[in-house]
Amino acid sequence: MLARLAGRSDQEVMTYMTIPSTISGGPSIFQVRIGSGEVLSAGDEADFLVAFYQHSYEDHIGFLKEGGVLLYDSDQVQPDLGDKRFVYVGVAITGLTVEALGGTAKDKGKNIFVLGLIAEIFHLDAEKLKDLIRERFGGKNESIVNTALMAFQAGYSYPVGGLLTTRYAFEVRQETAGRDQVTMDGNQALAYGLIAAGVRYGAGYPITPWSTIMEILRSELPKYGGLFVQAEDELAAVSLALGFSYSGYLAVTGSAGPGISLKTEAIGWASMAEIPLLVVNVQRGGPSTGLPTNVEQSDLSQAIFGSHGDSPRVVLAAATVEDCFYIALEAARIARKYSTPVFILSDSSLATRIEAFDEPDLTSIMRDPHPDLSPRSNGYKPYPLEGITQHAPPGTRMTEGKYPVVTGLEHDEMGHPTGHPSLHMAMTAKRRRKLQQLAAEIPLPEVYGDAEGTTLLVGWGSTFGPIREAVDRARERQKGVSSLHLRHLHPLPNGLENVFARFNQIVVVEMNDQGLYGYGQLATILRARFCDPKIRSLTKTDGLTFRVKEILQGILP
Amino acid sequence: MSATENNVSTIAPQPEKLTKKAITADHPTWCPGCGDFAVLAAFYKTLEKRQLPHESIVTLAGIGCSSRFPYFVNSHGAHFIHGRAVPLASGVSLARPDLHVFLFGGDGDGFSIGGNHLDHGARKNIRMTYVIMDNFVYGLTKKQTSPTSPIGYRSKTDPTGAMDQPVNPIKKLLAGGATFIGRTHATQINHMIQMIERAMDHDGFSVIECLSECVEFYPGAFDPANPRKGGEFKLIDEKKWDGTPEDELRHDVTDELAAYRLASQPFPGVFGVFFESDRPTKNAFERKLVETTRAKLGAPSDLELLQGTFNRMK
């Protein structure tokens, strides 16, 4: 609700959440960073920490900056008041909440009580927050809304001010651009991006952190006349999606790493048969079952190379929650134009993080999902050697009377199977050339900071924010540091060598292992592509997002 | 848009008569004498008899000798990967109610690597017609044991004889929930046509197990059911519901337990329709979900819908 309030107040916001990977629950944290200026990452240190329990205090007090405020439930938490680095505000949150709600609600409603306290401390707009409470609980019965409002009011009117010497307030910013802000998490942005892109069919299998995308699509797509199938397994999910795509409706499947591993054979078929397909990988940590609820960027190599044979495919990665929406549009555009599988890489931090961003201009974005079933004539070939495959979906009348078969066997231009050496060479080149053509059309990303200098930080995916913030901080200290963010990872845009040439060192920042030879997954690809010894690697594998200071420590001598 | 509103009404009906020549494509790559030639011939005859235009059907397959089928039929088709043809076909079937989906494959593709998909396609009752050419052996990879190879069959992977209990296809399909289950024999062309026609007229997941001899690696496997080789082609005697005393003894195709009993007969067993049920399809359920959801919302445009969602996120 704080995030949504910030969105409505045109403030920048970013949240960070951890959830335990067990159903019975366990410690979880929810972090909100709100700013009047640009907010790029969830922040390295907290100004204000709320502790409901002793363990949450103990685990996170180290995250509070010196001079920061600890607001704690004095019924539950006994902080070390001797530690003079922090300001302590003890409020009997449990007792006061029970009292406010008439003692029937046990200890539910404490979070809403604290929301009231925070609203008072930070001078937030209480009326807007009450509206949000009404919206959040309004679907349930009236007494729940009233209980929530009572809890909020009790927190809001508590004389907490007397305990605090500092006062907090956000600058009130003048209304910026004409567009309203929308507030959502990365999986929501991705799901709605797919809908805007004209995706009406899909199939998946439950896995964290991808599941919420399929849940959204399962309930949303029927509204648009489409459908999403929960398949019996990952292999069936990708096969169903290919059935949808083959029948003329660009479809999506998705998973996290373990499920993508299972889908790889069918994705190879999509490369070979040249069927458009969107594959979402919301990355989590580690190989095998790994770290189901942590973050890592260790599936890049799999996305690019994870199939037998030479099987070109496109790989894109979303930078922010907002970009989760736009990357879906770009992926769908490429899949249709080049008749190819396209990977969209997200990760568990983007999936659950809530951000506010300018509402997209849907009128200019929405795409018609219908297949082109107009009759095909004049020497139609499903696999023309000179040209990009554009399939005629089943149901299309072929006026010359020859109907095409799409296939995973090597084939000639008409789709007939052949193992002829010259045809395999020509067809392999055809499938490769279309992605080379795509590479030429991708705009070169802009360098953030100066166009030349000592260090260029190169990132992909959700490290976008921390890297930019690291550039800002480094530049405060006169370091010649800039950054470059890649959304298109395979193929890479043309011309990167000219950008790299203007820096003394290129540091590729990514959340994966340094590998056997000392380079992370993107760094390995860039070194292979450019043979440039200036390309270095900064990696980490603690399952957490990059902190700005970790990047600074990695690049400063 | 909705799954029921495809742009196919604009396709002009084909005035010319559909001939065998028009539905024939590449010459089959099968070995001379392969049972699959007869299945293909029966399929051509069915299309010709029913005058199904090219645009109204799609032929799909996984991997295996019989899965080459789509190349030999002049219709839109796809040759997919091993074992996953049922979910591929499910996608086409669910998105394109204007098409009749025909799926072809073998025993390895359907009962082994694709066995789980067979169960779930059956359970979900997705509308398609699936012809499984069962030859009791892996032919394309040259004589390995298949999931339907009988105990004692000597293959390259079981040189002393197969030891694993074979799959009983009819029982597997019954347990999975298939709503039309037929069984036929590649030497009985009229019976095959009859089975294909009944299967395609069935609104649901319709499967035909067709015993189709691999002359190369399992010659004579199905002679016990081939009258010309001294066997007996024993047909299922279906109930006529005529009230006569002899009808009491006939098979009720809606009786699942009776179907299990029929499927328990020793090899070569009986042929015909084992089971048929009018349980609603997933196609119908999904179509209803779309219709009721959209009716509740007042049939908004795609833009209005998404804009409405974003307005709630402000």
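Reader: Start with strand E14 of chain A, residues 405-407. How many bridges join E14(A) to E2(B), and which way do they run?
Author: Three bridges join them, and the two strands run parallel. Strands here are DSSP runs of at least two residues (E), helices are runs of at least four (H or I), and both are numbered from the N terminus. Two strands pair if DSSP finds at least two bridges between them.

Reader: What stands opposite Val406(A)?
Author: Ala78(B), in E2(B).

Reader: Is this an experiment or a prediction? And how is the numbering done?
Author: This is a predicted model: local features need pLDDT of at least 70, side-chain atom pairs count only at pLDDT 80 or more, and totals for chains, interfaces and linings use all residues. Residues are numbered from 1 along each chain as its sequence is written, while chains are lettered from A and ligands numbered from 1 in the order in which they are written.

Reader: How many residues does each chain give to the contact?
Author: Chain B gives 51 residues and chain A gives 55. Contact means C-beta atoms, placed from the backbone, within 7 Å.

Reader: Which element supplies the largest share of chain B's side?
Author: H3(B), with eight residues. That side divides into 26 nonpolar, 16 polar and nine charged residues. Nonpolar covers Ala, Val, Leu, Ile, Met, Phe, Trp, Tyr, Cys and Pro; charged covers Asp, Glu, Lys and Arg; the others, Gly among them, are polar.

Reader: New topic: helices. How do H7(A) and H12(A) cross?
Author: H7 (186-196) and H12 (321-338) of chain A have axes that come within 7 Å and cross at roughly 25 degrees. That makes H7(A) roughly parallel to H12(A). Axes are lines fitted to C-alpha atoms, for helices over the stretch in contact, and angles run from 0 to 180 degrees between N-to-C directions. Under 35 degrees counts as roughly parallel, over 145 as roughly antiparallel, 65 to 115 as roughly perpendicular, and the rest as oblique.

Reader: What kinds of residues make up the contact of H7(A) with H12(A)?
Author: Twelve nonpolar, two polar and one charged. Among them are Leu190(A) and Tyr192(A) from H7(A), and Phe325(A) and Ile327(A) from H12(A).

Reader: Now the sheet in chain A. What's the strand order?
Author: E8-E7-E9-E10-E12-E11-E17, seven strands in an open sheet with mixed pairing. E8 (227-230) and E17 (488-490) are the edge strands, each pairing on one side only. Inside the sheet, E7(A) and E9(A) pair in the parallel sense over four bridges. Ala203(A) stands opposite Thr253(A) in E9(A).

Reader: Which helix lies across E9, E10 and E12 of chain A?
Author: H10(A), residues 257-273, running at about 160 degrees to E10(A).

Reader: Where are the cis peptide bonds you know of?
Author: One joins His490(A) and Pro491(A), with omega about 0 degrees. Pro491(A) lies in the loop between E17 and H17 (496-500) of chain A. Another runs from Phe267(B) to Pro268(B), with omega near 5 degrees. Pro268(B) sits in the loop between H8 (256-263) and E9 (272-276) of chain B.

Reader: And what is phi of His123(A)?
Author: Near 55 degrees, a positive value in a residue other than glycine. Most residues other than glycine have a negative phi. His123(A) lies in the loop between H4 (110-121) and H5 (126-137) of chain A.

Methods:
Contact = placed C-beta atoms within 7 Å.
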